[in-house]
Structure formats: structure tokens, C-alpha cells
Amino acid sequence: MFFDGYGYHGTSFEQTYRCYPASFIDKAQIENGDKVIMPPSALDRLASLHIDYPMLFELQNAAAERSSHCGVLEFIAEEGMIYMPYWMMENLLLQEGDFVRVKNVTLPKGTYVKLQPHTKDFLDISNPKAILETTLRNFSCLTTGDSIMVAYNNKKYYIDIVETKPSNAISIIETDCEVDFAPPLDYKEPEKPALPVPTGKAPAEGRRLDGKPLKTLSPPVSSSGPQDKRTNASSGGAAATSSSSSQSTNRQSQGKLVFGSNASRTREPQKDTSKETKQEPPKKEEPKFQAFSGKKYSLKG
């Protein structure tokens with residue numbers, strides 16, 4: 001069977017067209033989805049095949065060995081031509097007037113898709129989930145490896161299709177599809193915060209904080225009268241040590257470093273405290289991207 005010089009044969013639709021972007025026709029809205037505009041002869045052939053709806057197609061650029069999938073919006077293109085979103089031509093490495101092979105296919109309904117924005121400014125949108133849901137309503141299918149375009153507030157955001165299930169190409173029409181997000185391509189892990197005091201200087205700092213009060217205990221004991229010298233050494237000395245130690249503890253608690261607790265400081269000698277300080281490794285913080293990771297949403301086609 002032939003239509004206007006273009007031959008169709010077999011039980012499936014497969015035809016080669018010259019592709020052009022949406023700017024060549026007054027249909028700018030196709031840039032916001034994955035639907036193409038085909039010639040009327042394609043509709044005649046597809047109708048005679050009694051294919052399943054919605055009509056889905058595989059696009060192939062044999063020269064670059066690239067392929068993708070799409071839906072169809074209208075059949076009003078000139079014969080031998082096909083109009084498609086420019087971002088789709090970029091995925092297929094197609095230039096204006098290049099040949100693209102179009103073949104009808106049946107895709108399984110998607111159950112899972114993982115997306116990765118190109119830039120982290122996509123996360124600055126007040127409600128990226130709602131914007132994404134609105135955009136995907138204009139899509140018929142998703143293909144692993146493609147980069148779709150999301151237009152919002154006069155700005156274009158590109159998002160990679162990292163993974164799709166149950167196959168590398170899925171239909172997202174009238175299906176519940178879980179959506180997961182990967183960190184943006186330009187996302188960098190924040191640098192680990194610097195420790196207040198380097199580990200190597202911790203023991204010396206500990207001797208300074210714990211050592212000074214111990215040295216200041218001797219003048220009060222020696223400056224007391226001869227009659228009370230033994231009494232201060234036997235009874236009052238312990239109280240003075242406890243009082244000075246508690247004052248030192250208060251001063252340490254207000255600073256950046258705190259070694260042990262009050263009870264351990266009064267019962268254990270200074271050397272044991274410094275040893276404990278060496279044995280306590282600093283806690284490490286491992287910041288991770290948590291803006292979208294792990295969250296899943298359900299998209300209604």
C-alpha cells in the first residue's frame with residue numbers, strides 16, 4: 001500500500017522522515033512534552049493497523065546510534081517531515097533536516113523512575129514535585145538515558161532519566177509510577193567542619209586547664225598560720241582542692257573543650273584525665289544529600 005509516494009508494508013508502522021524543531025511550525029507547546037507532529041499519511045497507515053492506543057513510537061538516529069521514544073500530538077505535518085521538541089533532537093543528536101526512523105511500539109506501564117536534575121537550582125523551586133507532576137502530564141513515555149526539559153518561570157531545567165522500571169522505556173499514561181531523585185549533577189558534598197582544637201594539641205591543652213588550679217592550691221595552704229597548717233593539710237586541704245577543682249570545671253564548661261565529668265575529675269588524677277582525652281576520638285560528621293534522596297512520590301498520568 002502506498003500513500004503519496006511513501007511506501008508502507010508489513011504489519012507494523014516504520015517510516016523515515018526528515019525532522020525539524022517546533023520553531024518551524026506554529027506549535028511551540030510541543031516543547032513542553034514528548035509528542036511529535038507527523039504527516040496525515042502516517043495516520044492513515046496507523047488506523048489500518050488497528051494498533052493499541054495511546055500511539056507510542058521509537059525514534060532512531062542510525063547515524064549516531066541513538067534512540068528514544070515519544071507520543072504523537074497531531075498529523076498535520078508536510079509529507080516526509082516530522083516536527084519534534086528541540087530537546088528531543090538534542091537527545092538523538094539530530095540537526096535540522098536529518099533523517100530519523102519512526103516505528104510504532106508498545107511499552108509497558110511504568111512502576112518506577114529515578115530522576116537527576118542537572119543543576120541544584122531546580123531544588124530552589126518552591127514546590128518542585130508539583131512542577132514535575134504538571135510537566136509529566138504532557139509526556140507519554142520516558143526512556144532511560146534521555147534528558148527531559150522542564151520549563152518553569154521563564155527558565156529551562158534539564159533532568160536526566162537515570163533509571164526506569166520495568167524496562168528501559170516505559171509508558172506513564174494512566175499509571176501509578178514511583179519517582180525517586182538522585183543528587184543534582186553539580187551538587188557537592190559540604191566540607192567537613194574543622195575541629196575546635198587539633199587532636200595533637202588536645203593533651204597539652206588538657207594539662208593547661210587541669211594543671212593551673214593544682215598549682216594555685218599551694219599558696220593558700222602555705223600562707224596560713226603555723227597553728228592551722230596541719231589542720232588545713234588534713235581537712236581543709238581536701239575542701240580547697242574540691243572547691244578549686246569545681247571552679248576550674250566551671251571555667252572549662254564555658255570554653256570549647258570539656259574533658260570528662262565533674263565526678264571523674266575529682267576522683268581521678270590529672271594523668272588519667274589526659275589519657276582519657278587521648279583515647280576519645282573526635283566524632284566525625286558525614287553530611288549527605290537529603291533534599292530528595294529516599295523520598296518517593298506517586299504520579300498520576
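**View 1. The hairpin of β5 and β6, with E65 at a positive phi near 55°.** This hairpin has 4 residues between its strands. Strands here are DSSP runs of E, at least two residues long, numbered from the N terminus. The model is predicted: local features need pLDDT of at least 70, side-chain atom pairs count only at pLDDT 80 or more, and totals for chains, interfaces and linings use all residues. Residues are numbered from 1 along each chain as its sequence is written, and side-chain values use heavy atoms, with hydrogens and water left out.

**View 2. Strand β5 (residues 56-61) and its two antiparallel partners.** Two strands pair if DSSP finds at least two bridges between them. β5 and strand β6 (residues 66-74) are joined by 6 bridges and run antiparallel; L56 has G71 as its bridge partner in β6. With strand β8 (residues 99-105), β5 pairs over 5 bridges, again in the antiparallel sense. There, N104 of β8 is the bridge partner of F57. Because 5 of its 6 residues are buried, β5 is largely enclosed by the rest of the structure. Buried means under 20% relative accessible area, exposed over 50%, and partly exposed in between, with a 1.4 Å probe and protein chains only.

**View 3. Strand β3 (residues 14-21) with β8 and β7.** β3 pairs with β8 in the antiparallel sense over 5 bridges, and T16 stands opposite R101 of β8. Strand β7 (residues 81-84) runs parallel to β3, and 4 bridges join the two. Here I82 in β7 is the bridge partner of C19.

**View 4. The largest nonpolar core, of 44 residues.** A nonpolar core is a set of buried Ala, Val, Leu, Ile, Met, Phe, Trp, Tyr and Cys residues joined through side-chain atoms within 4.5 Å. The members that touch the most others are F13, M38, F57, I82, M84, V102 and L142. Not counting residues up to four places away in sequence, M38 has contacts (heavy atoms within 4.5 Å) that include F13, F57, I82 and V102. A second, separate core has 6 residues, among them A22, I30, I37 and A77. In soluble globular proteins, nonpolar side chains tend to be buried together.

**View 5. S171 in strand β13 (residues 169-171).** S171 is buried, with a relative accessible area of 6%. Leaving out residues up to four places away in sequence, S171 touches L56, L107, P108, K109, G110, S140 and C141. A polar atom of the S171 side chain lies 3.5 Å from the backbone nitrogen of I173.

Notes. A polar contact is a pair of N or O atoms within 3.5 Å; within protein, one must be able to donate a hydrogen and the other to accept it, and residues adjacent in sequence count only if both atoms are side-chain atoms.
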